[in-house]
Amino acid sequence: MALDLKKRKPRDIVYADDLKIEWRDGVVSHYPFLTLRDACPCASCVDELTGEKVLDQASISKDIHIKSADYVGNYALRIDWSDGHNTGIYSFRFLREYFDMAVEQGGFPGGPHPRES
Ligand SMILES: [Zn+2]
């Protein structure tokens, strides 16, 4: 798959009922909070050596939401979750690939169908 970095830059990011990213190529992706929290790529949620997920989705509160989010350089988003977890750095590349994969496979891993609008 060709890697177009420009496409992987967001034009706009909104978090209200979910995380919505409007990408520069016009795609708009929605990430349910629970799905996104579950996909946290940080070292306490994913084993750094094996790449295996350590976080149990069942341990995440159903009403999980984003308290705040900040840009990390111009390549990623650091999310401060309502459960106090704030070490997850979600690169835009990861977010876009995660969404594209969900569209392709008809759903987020263990989650709902991706929504575009
Ligand atoms: Zn994490």
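Q: What makes the radius of gyration of this chain agree with a compact globule?
A: This is a predicted model, and the chain in it has a radius of gyration of 14 Å. A compact globule with 117 residues would come out near 13 Å, so the value agrees with that. For the overall extent, the C-alpha atoms fill a box of roughly 35 × 30 × 30 Å along the principal axes.

Q: How do you know how far the coordinates of the chain can be trusted, going by pLDDT?
A: pLDDT is the predictor's own confidence, on a scale from 0 to 100. The mean for the chain is 90, and 93% of the residues reach 70 or more. Where pLDDT is low, the predicted coordinates should not be read in detail.

Q: What makes up the chain in terms of helices and strands?
A: You get two helices and seven strands. Walking from the N terminus, the order is β-β-β-α-β-β-β-α-β. As for contacts with a separation of 6 or more, 37% of them join residues 24 or more positions apart.

Q: Why are β1 and β7 called edges of their sheet?
A: The sheet in question is open, has four strands in the order β1-β2-β3-β7, and pairs antiparallel. β1 (10-15) and β7 (115-116) each have a single partner strand, so one side of each lacks a neighbour in the sheet.

Q: How do you know that β2 and β3 pair?
A: Pairing takes at least two bridges between the strands. Four bridges join β2 to β3 (residues 28-31), so they pass, and they run antiparallel. Within this pair, Leu 19 stands opposite Tyr 31 in β3.

Q: What makes β4 and β6 edges too?
A: They belong to an open antiparallel sheet of three strands, ordered β4-β5-β6. β4 and β6 (89-91) have one partner strand each, so each has a side without a neighbour in the sheet. From one strand to the next, the twist averages 30 degrees.

Q: How do you know that β5 pairs with β4 and with β6?
A: The cut-off is again at least two bridges. β4 and β5 (residues 76-81) share six, in the antiparallel sense. Among the bridge partners there, Ser 68 goes with Asp 80, and Ile 66 goes with Trp 81. On the β6 side, three bridges join the strands, also running antiparallel, and Leu 77 has Tyr 90 as its partner in β6.

Q: What makes β4 count as hardly covered?
A: To be buried, a residue needs 20 or more other C-beta atoms within 10 Å of its own. Among the seven residues of β4 (residues 66-72), the count of buried ones is zero. For the whole chain, 21% of the 117 residues are buried.

Q: Which residues of β5 lie on the covered face, and which on the uncovered one?
A: Leu 77, Ile 79 and Trp 81 are on the covered face, whereas Ala 76, Arg 78 and Asp 80 are on the uncovered one. α2 lies across β5 and β6, at about 70 degrees to β6.

Q: Why is Asn 74 called exposed?
A: Asn 74 has 8, so it falls on the exposed side. Asn 74 is in the loop between β4 and β5. In that hairpin, with three residues between the strands, Gly 73 takes a positive phi near 50 degrees. Asn 74 and Pro 10 are 64 residues apart in sequence, yet their C-alpha atoms are 9.6 Å apart.

Q: What makes up the largest nonpolar core?
A: It's a set of 18 residues, and Leu 19, Leu 36, Leu 95 and Tyr 98 touch the most other members. β2 (19-23), α1 (33-38), β5 and α2 (92-105) each put in at least two residues. α2 gives the most, with five.

Q: How do you know which residues Leu 95 touches?
A: Touching here goes by C-beta atoms within 7 Å of each other. Leaving aside residues up to four places away in sequence, Leu 95 touches Ile 21 and Tyr 90.

How values were computed. Residues are numbered from 1 along each chain as its sequence is written. This is a predicted model: local features need pLDDT of at least 70, side-chain atom pairs count only at pLDDT 80 or more; totals for chains, interfaces and linings use all residues. The radius of gyration is taken over C-alpha atoms; the globule rule is 2.2 Å times the number of residues to the power 0.38. A residue is buried if 20 or more other C-beta atoms lie within 10 Å of its own, exposed if 12 or fewer, and partly exposed in between; C-beta atoms are placed from the backbone. Two residues are in contact if their C-beta atoms, placed from the backbone, lie within 7 Å. A nonpolar core is a set of buried Ala, Val, Leu, Ile, Met, Phe, Trp, Tyr and Cys residues joined through C-beta atoms within 7 Å. Axes are lines fitted to C-alpha atoms, for helices over the stretch in contact, and angles run from 0 to 180 degrees between N-to-C directions.
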